[in-house]
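Please check each point against the structure as you go.

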Amino acid sequence: MSLGLGRAARKAAFTFSAVPMAGPKLIEFGLKRRMNPRAVTPEKVRNFLLAHQESRAKAVRVQSLPYLLNMDTTNGCNLACPFCPTGTKQLSRRKARLPLEKATAAIDAVKSHALAIRLYNWGEPFLNPDIF
């Protein structure tokens with residue numbers, strides 16, 4: 001899960017995560033340059049740093065919440081992209097849609113900690129009538 005951050009920014013997240021004042025401010029500055037500055041809050045930066053600390057420590061039980069949420073609202077697609085297992089019908093699972101209530105509950109659970117929420121992955125989100 002890299003959010004498009006460069007290797008230097010990820011290394012800085014690990015290196016500065018132990019520095020009380022300099023670490024979070026530097027990471028916040030870097031995240032604001034890469035993402036929507038209004039979406040980056042101190043709480044989200046703390047969660048981002050905590051997630052990287054836990055990853056570095058190879059923690060089995062974590063306190064951080066996801067800072068990037070990829071959510072498929074449907075696993076169906078109306079395209080036939082040759083590289084995509086959904087478009088080429090290589091997936092063995094049945095087509096289904098994520099109900100709006102479940103999607104809302106998942107987003108509400110992480111919205112104060114997630115830097116980005118993406119409503120696409122292996123399906124076309126606008127085929128879900130609850131979204132469009």
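1. K111 and D108 form a salt bridge in which the closest N and O atoms are 3.5 Å apart; the term is used here for a side-chain nitrogen of Lys or Arg within 4 Å of a carboxyl oxygen of Asp or Glu. K111 is partly exposed at a relative accessible area of 49%, and D108 is likewise partly exposed, at 42%. For these labels, buried means under 20% relative accessible area, exposed means over 50%, and partly exposed covers what lies in between, with a 1.4 Å probe and protein chains only.

2. Please keep in mind that this is a predicted model, in which local features need pLDDT of at least 70 and side-chain atom pairs count only at pLDDT 80 or more, while totals for chains, interfaces and linings use all residues. Residues are numbered from 1 along each chain as its sequence is written, and side-chain values use heavy atoms, with hydrogens and water left out.

3. The structure holds three salt bridges, and K25, E28 and K32 are linked in a network of such bridges. E28 meets K25 at 3.8 Å, N to O, and meets K32 at 3.1 Å, N to O. E28 and K25 are three residues apart in helix α2 (residues 22-34), which separates them by about one helical turn; E28 and K32 both lie in helix α2 as well, four residues apart, again about one turn of the helix. Helices here are DSSP runs (H or I, at least four residues), as are strands (E, at least two), and both are numbered from the N terminus.

4. The structure holds one aromatic pair. The ring centres of F48 and Y67 are 4.8 Å apart and their planes stand at 75°, so the pair is edge-to-face. The cut-offs behind that wording are that rings of Phe, Tyr and Trp (its six-membered ring) pair if their centres lie within 6.5 Å, and that planes under 30 degrees apart count as stacked, over 60 as edge-to-face and the rest as tilted.

5. Where do F48 and Y67 lie? F48 belongs to helix α3 (residues 42-56) and Y67 to the loop between α3 and β1 (68-70), so the pair ties together parts that are 19 residues apart in sequence. F48 is buried, at a relative accessible area of 1%, and Y67 also counts as buried, at 7%.

6. K58 also lies in the loop between α3 and β1, and its phi is near 55°, a positive value in a residue other than glycine. K58 is exposed, with a relative accessible area of 69%.

7. A search of the whole structure finds zero disulfides, a disulfide being a pair of cysteine sulfur atoms within 2.5 Å. For C77 the nearest cysteine sulfur is that of C81, 6.0 Å away, and for C81 the nearest is that of C84, 5.9 Å away. C77 is partly exposed at 22% relative accessible area, and C81 is partly exposed at 25%.

8. L100, I117, L119, F126 and I131 make a nonpolar surface patch of about 380 Å². Patches are made of residues with over 30% relative accessible area and no salt bridge, like charges being joined within 9 Å and nonpolar side chains (Val, Leu, Ile, Met, Phe, Trp, Tyr) within 5 Å.

9. Taken as a whole, the protein chain has four helices and two strands, which follow the pattern α-α-α-β-α-β along the sequence. Of its 132 residues, 31% count as buried. The accessible surface of the protein chain comes to about 9,000 Å², of which 58% belongs to carbon and sulfur atoms; the areas come from the Shrake-Rupley method with a 1.4 Å probe, and for residues only the protein chains shown count as cover.

10. Among contacts in the protein chain with a separation of 6 or more, 66% are between residues 24 or more positions apart, where contact means heavy atoms within 4.5 Å.
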